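Colleague: Could you take me through how the labels on this model were assigned? I'd like the cut-offs alongside the values.

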Amino acid sequence: MAYGLVDVRILQREYLLAISRAITAELDLQDVLRLILRAAVELVAGKAGMVALHHPETDSLRVAAVYGIPAAMVDHFAPLLRDIPPVDTSEPEAELTRRLQTIARRSNLGFTQMVRLPMISGGEAIGLIYVFLSGTPYHLPSEAASLLGSFAEQAAIAVKNARLYDQVNKEKQRLDAIIQQNADGVMILDRSLRITVFNRALSRMVGRLPEEAIGQPHEAVFKWLLLKTNMDLHEALANGWPLPGAAHLYVEGDLQRPYDEHLEAADGRRVSLGITYAPLMDADGRMTDIIANVRDLTRYREEEALQKTFISVVSHELKTPVSIIKGYAGTLRRQDAHWSPEIIQDSLAVIEEEADNLTDLIDSLLEVSRLQAGTFNLEVSEDVQLDRVVENTARKFGSQSNKHTISVQFPQDFPPIWGDERRLGQVMNNLIGNAIKYSPDGGEILIRGELHPQHVTVAVRDSGIGIPDHEQHRIFQKFSRLDNALSRKTEGTGLGLFLCKAIIEAHNGRIWFHKNPDGPGTTFTFSLPRN
Ligand code: ATP
Ligand code: MG
């Protein structure tokens, strides 16, 4: 039964209200389309309906919502979508009626009539609404026709909105991903300086999870220990930042990493950060957000500190032998003194030894710069007799110190190995040299070679002052010397173990140390793969 004019008017108001509410409530597009479809079907006392949307990429119509059609039957309606221009609905009327009859027969749904409404928005064909009727032919009153027209218009708007929303959403996701994946720290603050965005790189830098930082005031996360510029964000704002022409603010400082409860160890390390704050302005020139780019400068600071150490260590280590050589040479050259042959011999021996020290130091420095420049290459041969290299080095040191006894133990069948003989000699030189230097009271130094199926090891054991276990990583770094009385008294640049590690690793080996379990002192061990 069709509705009377008054009913139509009431329905019109109700449906349009419901539909516009659904659209503004940002309901799912499917729900909005189904609502519109139901309204259209009920208005003309139809049986069922279907919305097909036009897909510009393929220039085809596809079913987007159905009402009163069982899911299994939807495929039967495909002929209604084929070869039909979506806008001009009048042309193939006869053809469509024929198709509908076929569908009605096949699906057994008894439809006898069909109303098609184009969905058009801004001149663009968005799709079609189909309403199916049964029984005797029905003539659409003009009121109902115009109402159906406005339903179609609403549906077109809903689809357009949904597509726009989808597009905006995709764009937002893309932007979010760009911010999140950025290798630099990125943070966005609102006008009251609360953190609204905190990306992963920044989270890593300051040791806080994004969820711990988001919503926090800026100063709760960025507690500066030391500020290099004399202005922080708050002061800058108080001073009228961002002034025109002064759009960016650069702040650099040291931050104490917060205690991380998830880790056993308190990670209270310092991080040095450089932050650029840029204001985001609206059309009226008011600041809406602040976007901050954060860079970790810790490495850079460490490099700077290292550079300083380098200069002071090297100048000291270079100056000492030079001034000793100069002193002895000057003394020997004095015209007014007559030196005994023994004194002359001893003095020349000192000069020679110090010249050797200088050569060693220069060699080490050259090796370090080769490592840094990436031009450190091994000069390998297939058959390095490691036991012989060890014995030669031990003999050299043995003749220099009578406080220490140096013994070498290698199995008879110790095989030749693949490696750079000169550099492996440097490794032994430093390990045995350290063993002597850092056992000032003398004692035994034992060097043992061992054979394993895949690799060989060489261990240098002393009974000296020992090294705390937690220095495991530090002492292999360049210029690192332990802070003890002996280091201050003995010569050294702290390059020896750094180079040992680089050389051993270039041979695909490993080097480490451990405290002697059964007495004082340390054992340094390295392993090298067998051929
Ligand atoms: P260089 O070898 O450059 O002349 P160095 O001996 O001080 O100087 P490394 O060989 O790298 O430098 O050793 C680093 C630091 O590790 C030393 O300064 C010392 O404090 C400590 N160390 C090294 N070997 C031993 C050891 N056998 N016993 C105790 N401390 C050691
Ligand atoms: Mg050394």
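Modeller: Helices here are DSSP runs (H or I, at least four residues), strands are E runs of at least two, and both are numbered from the N terminus. L361 sits in helix α10, residues 341-373. This is a predicted model, where local features need pLDDT of at least 70, side-chain atom pairs count only at pLDDT 80 or more, and totals for chains, interfaces and linings use all residues. Residues are numbered from 1 along each chain as its sequence is written, chains are lettered from A and ligands numbered from 1 in the order in which they are written, and side-chain values use heavy atoms, leaving out hydrogens and water.

Colleague: Why is L361 called buried?

Modeller: Buried means under 20% relative accessible area, exposed over 50%, partly exposed in between (1.4 Å probe, protein chains only). L361 has 9% relative accessibility, so buried is the label.

Colleague: Which residues is L361 in contact with, leaving aside neighbours within four places in sequence?

Modeller: E317, L318 and T493, where contact means heavy atoms within 4.5 Å.

Colleague: What makes N430 and N434 donors to the magnesium ion?

Modeller: Donors are N, O and S atoms within 2.8 Å of the metal (3.2 Å for Na, K and Ca); water is not among the atoms, so sites may look incomplete. The OD1 atoms of N430 and N434 coordinate the magnesium ion, ligand 2, at 2.2 Å. Both residues lie in helix α12 (421-437), four residues apart, about one turn of the helix, and both are buried.
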